[in-house]
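Subject: A structure for you to look at

Hi there,

Here is the structure I promised to pass on. Please open it alongside this note, and my findings follow just below.

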Amino acid sequence: MTLVKLSKTKFGINLGFLSIDSEWEIDETQKNASWEMYVELITRISTAPLEPGEGLLREALSSLYSLFGTTREILRKYGPPIATPGNPDDITFGHLAVAILNKVLRPVLAKWHPQLKDWEDHRPKDLSVTAHEAAWPQNEALRSEINKIRGRLMEYANVLAEVSGVAKLTDYPSES
């Protein structure tokens with residue numbers, strides 16, 4: 001099967017550990033995979049600020065963790081073409097997706113999942129989950145970490161929007 005190249009785009013993204021300025025040769029497969037991942041990212045806490053007192057940290061971590069399964073599913077669905085660059089120095093959906101998982105999400109989840117679990121395991125029966133989590137001494141630190149990676153995930157989402165050929169769905173029209 002020959003894939004028709006639709007376009008080539010230059011982009012830059014800062015993942016904190018790595019800043020990438022590259023080209024992406026876009027074909028229909030790359031475009032569709034990018035759209036699927038974009039939808040997953042922008043409809044989760046991953047791209048929304050987690051303000052003090054809002055939501056549960058456990059839910060936020062679980063949402064971020066679910067991106068592993070989603071990404072694996074997309075990688076399997078679209079196969080090797082989304083990880084095969086047109087030119088040796090080009091980036092692909094596969095390269096970027098795996099970097100996000102292993103370099104942005106995995107370190108945060110590996111650190112915070114067990115710490116939060118330990119705190120949750122010691123919740124008194126007469127204290128609500130929300131109140132117990134709010135009393136966790138690490139609550140603000142984890143919220144800060146989630147909001148920090150949010151910026152990186154927003155950059156990722158913006159690149160995916162560009163590759164998908166859609167307007168950024170996180171840019172809302174101004175209210176009159």
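S46 touches L41, L64, L67, R150 and L153, leaving aside residues up to four places away in sequence; a contact here means heavy atoms within 4.5 Å. This serine sits in the loop between helix 1 and helix 2. S46 counts as buried because its relative accessible area is 3%; buried means under 20%, exposed over 50%, and partly exposed in between, with a 1.4 Å probe and protein chains only. A polar atom of the S46 side chain also lies 2.9 Å from the backbone oxygen of L41. For a polar contact, N or O atoms must pair within 3.5 Å, and within protein one must be able to donate a hydrogen and the other to accept it; residues adjacent in sequence count only if both atoms are side-chain atoms.

Before you read further, please note that this is a predicted model, where local features need pLDDT of at least 70 and side-chain atom pairs count only at pLDDT 80 or more, while totals for chains, interfaces and linings use all residues. Residues are numbered from 1 along each chain as its sequence is written, and side-chain values use heavy atoms, with hydrogens and water left out.

Now the overall fold. The chain has five helices and two strands, in the order β-β-α-α-α-α-α along the sequence. Helices (H or I, at least four residues) and strands (E, at least two) are DSSP runs numbered from the N terminus. Of the 176 residues in the chain, 39% are buried. Among contacts between residues at least 6 apart in sequence, 70% join residues at least 24 apart.

Helix 2 (residues 57–78) is worth a look. Its 22 residues should span 32 Å at 1.5 Å a residue, and the end C-alpha atoms are 32 Å apart, so the two agree; the expected span is 1.5 Å times one less than the number of residues. The buried residues of helix 2 include L61, L64, L67, F68 and I74, and its buried residues pack against helix 1 (28–42), helix 3, helix 4 and helix 5. Just after helix 2, G79 takes a positive phi of about 70 degrees.

S66 lies in helix 2 too, but counts as partly exposed because its relative accessibility is 25%. Its side chain reaches the backbone oxygen of S63 at 2.7 Å.

Next, the aromatics: there are three aromatic pairs in the structure. Rings of Phe, Tyr and Trp (its six-membered ring) pair if their centres lie within 6.5 Å; planes under 30 degrees apart count as stacked, over 60 as edge-to-face and the rest as tilted. W112 is buried at 3% relative accessibility, and W136 is buried at 7%.

Happy to talk any of this through.

Best wishes
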